[in-house]
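Thank you all for coming.

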Amino acid sequence: MAFLELEHLEKSFGATRVVKDFQLSVEKGEFVSFLGPSGCGKTTVLRMVAGFETPTSGAIRIDGQEVTGLRPNQRNIGMVFQAYALFPNLTVAQNVGFGLRIKGQSRNDIDRRVTEMLTLIGLPELGDRYPFQLSGGQQQRVALARALAPRPRVLLLDEPLSALDAKIRVSLRDEIRSIQRELGITTIFVTHDQEEALSISDRIVVMHQGVADQVGTPFEIYNRPTTRFVAQFVGTLNLLDATVLNAATGQVSVGGTPVALNRALPGGGTSLSLALRPEVVSLGRHEGRNLILSGRIAEVHFLGSVIRVKVDVAGNMISLDTFNRPDLPPPAVGSAAEISVSERDLLVLAE
Amino acid sequence: MMGRRFWSWLAVFGSFLYFFLPLLGMFMFSLRMKRGELSFEAYRVVLTDPQFQTTFLYSMVLALITIVFGTLISVPTAYWVRLKLPKLRPVIEFITLLPLVIPPIVIVFGYIRLYNTSSVLPLTGSWLGTNLLVLFGYTILSLPYMYRAVDTGLRAIDVGTLTEAAQSLGAGWVTILARVILPNVLVSVLSGAFLTFAIVIGEYVFAALLNLNTFGPYMFWMGGNRAYEPSALAVIAFAITWACMGLIQLVSRFSKFSQVKR
């Protein structure tokens, strides 16, 4: 049985259903991210696990224990907030020791654990400071230490990196992941940043309008998105309009070029959208990419190591990346170009 | 430009005279108890008067209990309203402002009508009951200052998130209030407390009508019976009030962790 189980969770605020039939099993020690745009219900699910919201229906089980009816302070869950939420009247050490004091542990035990946690987050010398004397990144690390100090069963992170600047965000992200691995704590991480979710998680739950659209490893989510929403929200995506020639065998035509997808197509429509990631498209002909489409260079963006090129193929704008080569200037805008793709890299998306 | 500046200074000077001349006159008068010389004789008499000591102590104790009462009522209420009932805020604010609109004499008359010796709850019949009544009255009088101060203090912190953070760490409501909310609004509570102190020390109507020997009636009695001592007493009362104001400033300046957004 999984360590953390969410069964048929539903949440409505008045007439609006914010979370619809949400199901998830998280194994012990797993790092799961909830990814989605704002208002998709990911924070609401997290807050139901924490106990700050009561599910309209459904059940939450941690380690076999039903916690749906328990108050937040009875659940033994650690939480880190976007706004840090350190207690301004307490020093860093007192903040980290807060949960242990509530548990009634002895002063010695608290001191030892606080030192241990401050060392873990790399701020052993800042115990006497007040939160307002720390930078945002330091405050969030202290908040992490405070959440972890009472040895919670589950760690919940509610967009903990959103308030930080870009550089700290990346370094703290890696730090959170390594601390999580070291402690082996079951973690749920809420974010709207796909790069964050892809880089940090064991599994990702992509949420959209209160529904878990897809659950899978970052590799699966990115390479085999099952819905149009997942494909568009995670990573950059090119869409190609195609006309269905034979739905059963997967014969379609893109701008007059016949394409054999070799798989049955969903739905009975005469047209559909094919999706492809920028990195599966090459400029010019390449071995193994035997579908050749002709078009015209529409835009060229020189980004340093990478050049992003947009090619107009029969009215579809296809974005692709090539590496910079000092001996080869980027293609000229308006010139004719061929792009090559492998048929198996074309995604057929359900609506 | 010059003309305008002249008029501003004249206004400042005028109001200075308006405020300080009577004080100065009163102070000078209070020094003339001994004929032909300036002395602090009146102050000596007042301060050594056992009546002064007992009534002042009495009022001080009442003021301190009122502050505790007021804090216990205002902090949880303001906190709860901010956290759970934000829509009720205008209503609660209106209620806390009522004591400024309803004269104390009305309140105390109501008390006497409701709680007299022939009523269901004869509070005025006993020493304890009367003191409870006057405490409730004072708490109501201080409510506008106390509640507003606390509410303003709560505005400076993220009440919702701090509460959730404390809850996730295992804290119950009492712990949250005592260890998280109260310490963070302590400066505001103290400024409310000093105002309360000043109000209760000088309060006359409640004490007189409930027949309690507090500092207010003592001052009144002095004024009717002595010449120099009332002036000395008034100067002392001023000094206490100003000391309270000074303490508010001091406390808010020296609190360790409050430099954040101030």
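Predicted model: local features only at pLDDT ≥ 70, side-chain atom pairs only at ≥ 80, totals over all residues.

Residues are numbered from 1 along each chain as its sequence is written, chains are lettered from A and ligands numbered from 1 in the order in which they are written, and side-chain values use heavy atoms, with hydrogens and water left out.

As for terms, helices (H or I, at least four residues) and strands (E, at least two) are DSSP runs numbered from the N terminus, and two strands pair if DSSP finds at least two bridges between them.

Across the pair I began with, Arg296(A) has Asp312(A) of β17(A) standing opposite. Both strands belong to an open sheet of 5 strands in chain A, with antiparallel pairing and the order β15-β19-β16-β17-β18. At its edges are β15 (282–283) and β18 (316–323) of chain A, each of which pairs on one side only.

Elsewhere in chain A, strand β11 (residues 238–246) runs antiparallel to strand β12 (residues 251–254), and 3 bridges join them. Thr243(A) stands opposite Ser253(A) of β12(A). These two strands form a hairpin with 4 residues between them, and in the turn Gly250(A) has a positive phi of about 80 degrees. β12(A) also pairs in the antiparallel sense with strand β13 (residues 257–260) of chain A, over 4 bridges, where Val254(A) has Thr257(A) as its bridge partner. This hairpin has 2 residues between its strands, and Gly255(A) in the turn has a positive phi of about 55 degrees.

Let me turn to a single loop residue. Arg151(A) sits between α4 (136–148) and β7 (154–158) of chain A. Is Arg151(A) buried or exposed? Arg151(A) counts as exposed because its relative accessible area is 52%, where buried means under 20%, exposed over 50% and partly exposed in between, with a 1.4 Å probe and protein chains only. Leaving aside neighbours within four places in sequence, Arg151(A) is in contact (heavy atoms within 4.5 Å) with Asn76(A), Arg113(A) and Glu116(A). Arg151(A) and Ile77(A) are 74 residues apart in sequence, yet their C-alpha atoms are 8.5 Å apart in space.

Chain B has 12 helices and 0 strands. Its C-alpha trace spans about 75 × 70 × 30 Å along the principal axes, and buried residues make up 40% of its 262 residues. Among contacts in chain B between residues at least 6 apart in sequence, 75% join residues at least 24 apart.

Finally, the two chains together: 22 residues from chain A and 22 residues from chain B take part in the contact. The area buried between them is about 2,000 Å², with carbon and sulfur atoms giving 67%; buried area here is the accessible area (1.4 Å probe) that two parts lose on being put together, summed over both. Asn73(A), Asn89(A) and Phe132(A) supply 26% of the area that chain A buries against chain B, more than any other three residues.
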